[in-house]
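Here is a friendly walk through the salt bridges of one protein model. Have the sequence and the coordinates at hand as you read.

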Amino acid sequence: MEFIKWFVLGALVLIAIGLLVTNIRIVPQARAYVVERLGAYHGTWQVGLHFKIPLIDKIARKVSLKEKVIDFPPQPVITKDNVTMEIDTVIYFQITDPKLYTYGVESPMDAIENLTATTLRNIIGELELDESLTSREHINSKIRLVLDEATDPWGIKINRVEVKNITPPRDIQTAMEKQMRAERERREAILIAEGEKKSAILIAEGQKEAAILQAEAKKQTAIKEAEGQSEAILMINKATADGLKLIKDAQLDDAVIKLKSLEAFQKAADGQATKIIIPSEIQGLAGLASSVKELVKE
């Protein structure tokens, strides 16, 4: 009997130790455990070591406090100008209150998806197609505000909302591509025309500058030639004046002057002139010279 008593006691101790060990919980970093006691909310365990009372306490939910990302499938929406297109969004959210997240809504992710779809339809319904394609930032901020306000009672914080893709109908895409192609061709033609215009302007300016430089060069050349001719005339006139001054200073008599005239006449006679006008003084000298020649012969 004593053996049975100690065996039962040892078994009870082992069972107690096993229950104690199996009900010790360690909550890791960035996680929280929602604990219920007898079916009612008891508390939220944060990071660290915790003990759960067997058969009384129960971990209702293990919640991750990290930021999460949900990529929702494309949602069909209709713009203000009655164009149907598909838009898919990406939601960045974080659980801030594990208790509200556990008891606030039955299926938080489905609730966020449906709320995002309805909000997106409301926003796009107020915009035309062109506005929808160019107003991503406006759509993102408006969806985030609506979702953040709606999910606050669920213990969820919406950090960011991004419109991932906007897919208009195929015929609209084709028309937009044609429009973009025409716009690119128009810009290309404008750039080519501007380039040709600038090229023509540069060529004209170059020709203008070349003509100005040529005219300036001709002007300088003419000025230099005129200055040279002027200096030559001045030098000739000065030389002539000096020669006349020397002749005047020499006080030549009539015989020398007549002799010089005869030499000048001889040079003129050797030329190509057909008519020569002989001054009377030179005629007399010529006659005198002939008489002297005849006397010498006799």
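The sections below cover the ground rules, a pair, and a network.

## Ground rules

This is a predicted model, so local features need pLDDT of at least 70 and side-chain atom pairs count only at pLDDT 80 or more, while totals for chains, interfaces and linings use all residues. Residues are numbered from 1 along each chain as its sequence is written, and side-chain values use heavy atoms, with hydrogens and water left out.

A salt bridge here is a side-chain nitrogen of Lys or Arg within 4 Å of a carboxyl oxygen of Asp or Glu. By this rule, the count is 8 salt bridges.

## The pair E162 and R160

E162 and R160 form a salt bridge through their side chains, with 3.2 Å from N to O. For accessibility, buried means under 20% relative accessible area, exposed over 50%, and partly exposed in between (1.4 Å probe, protein chains only). E162 is partly exposed at 29%, and R160 is partly exposed at 44%.

Helices are DSSP runs of H or I with at least four residues, numbered from the N terminus. Helix 6 spans residues 170-250, and in it R186 and E183 sit 3 residues apart, about one helical turn. Their salt bridge has its closest N and O atoms 2.6 Å apart. R186 is partly exposed at 43% relative accessible area, and E183 is partly exposed at 28%.

E183 also meets R187 in a salt bridge, at 3.2 Å from N to O. These two are 4 residues apart in helix 6, again about one helical turn, and R187 is exposed at 53% relative accessibility. Through shared partners, salt bridges join E183, R186 and R187 into one network.
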